[in-house]
Amino acid sequence: MPLGRELPQLLRQRLFYKGRKFNFEVNRLRLPNKAEGEWECIRHPGGALAVPVTPEGKLILLRQYRFAIQGRIIEFPAGTLELNEDPLETVQREIQEETGYRANKWDKLGEFFLAPGYSDEILYAFLARDLEKLETPPAKEDDEDIEILYYTPEELEKAFLDGEPVDAKTISSFLLARPFLT
């Protein structure tokens, strides 16, 4: 099992909701330590994220409106995995849709859980280099309200240390990419 999983025993499923991007369930479980209780969980297919670096060493980020926080947040391009899709395929599609660039060199940075207290979502992070601007970028999704930003690594680090709204997956992926950034 990936990332050290130990399955609990399902005693009873009380609620199940199938959503567009993820599912929500409430289950009565027996944990590996034998504790029993009712827990809520978001079941997510996973996501993939790109840390795009221009030939000049700038990072491409997005300022994107997110309805859940009722505001805009700075983040790297990312997307949800489609059914049976490889994370690299996901991120290659998303970087083109969200930034209008294609990367010719990809390096896997790692993978991590985003919010393991209530979700099983795993994020796969990649470094995207040797970028080229697309002549005709793919159309954005209807709900995407995106502004493209260019930061040096030092500017991005200052932004999140100064409390600008930067999401956790961006900060985590930046830290994984930092050794590769000049």
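**Close-up views of the predicted model**

**View A. Lys169 is buried, with a relative accessible area of 12%.** Buried means under 20% relative accessible area, exposed over 50%, and partly exposed in between (1.4 Å probe, protein chains only). The model is predicted: local features need pLDDT of at least 70, side-chain atom pairs count only at pLDDT 80 or more, and totals for chains, interfaces and linings use all residues. Residues are numbered from 1 along each chain as its sequence is written, and side-chain values use heavy atoms, with hydrogens and water left out. Lys169 sits in helix H3. Helices (H or I, at least four residues) and strands (E, at least two) are DSSP runs numbered from the N terminus. The side chain of Lys169 makes a polar contact of 2.3 Å with that of Asp167. Such a contact is a pair of N or O atoms within 3.5 Å; within protein, one must be able to donate a hydrogen and the other to accept it, and residues adjacent in sequence count only if both atoms are side-chain atoms. Not counting residues up to four places away in sequence, Lys169 touches Leu49, Glu75, Ala78, Phe112, Leu114 and Leu123. Contact means heavy atoms within 4.5 Å.

**View B. Helix H3 has a buried face.** Lys169, Thr170, Ser173, Phe174 and Ala177 are buried in H3. Down the helix axis they fall within an arc of 130°, so they line one face of H3. The arc is that of the directions from the helix axis to the C-beta atoms. Ala168 and Leu175, on the other side of H3, are exposed.

**View C. The largest nonpolar core has 22 residues.** A nonpolar core is a set of buried Ala, Val, Leu, Ile, Met, Phe, Trp, Tyr and Cys residues joined through side-chain atoms within 4.5 Å. Val51, Leu59, Leu61, Phe76 and Leu156 have the most contacts inside this largest core. Elements giving two or more residues to it include strand E5 (59-66), helix H2 (153-161) and helix H3 (168-177). Beyond its neighbours within four places in sequence, Leu156 contacts Leu59, Leu61, Phe76, Tyr151 and Phe174. Another core, of 14 residues, lies apart from the largest one; Ala50, Tyr101, Ala103 and Leu131 are among its members.

**View D. Strand E4 is covered on both faces.** Six of the six residues of E4 are buried. Gly47, Leu49 and Val51 lie on one side, and Ala48, Ala50 and Pro52 on the other. E4 pairs with strand E7 (residues 78-80) in the antiparallel sense over three bridges; two strands pair if DSSP finds at least two bridges between them. Gly47 stands opposite Thr80 in E7. E4 and E9 run parallel, joined by six bridges. Val51 has Leu127 as its bridge partner in E9.

**View E. Ile60 is buried, at 0% relative accessibility.** Ile60 lies in strand E5. Residues up to four places away in sequence aside, Ile60 touches Pro52, Phe76, Tyr101 and Ile148, among others. Leu83 is 23 residues from Ile60 in sequence and 27 Å away in space, C-alpha to C-alpha.

**View F. Three strands form an open antiparallel sheet, in the order E1-E2-E3.** Strand E1 (9-18) and strand E3 (36-43) stand at the edges with a single partner strand each, so one side of each has no neighbour in the sheet. The twist averages 20° from one strand to the next. Axes are lines fitted to C-alpha atoms, for helices over the stretch in contact, and angles run from 0 to 180 degrees between N-to-C directions. Eight bridges pair E1 with strand E2 (residues 23-30). Arg12 faces Arg28 in E2.
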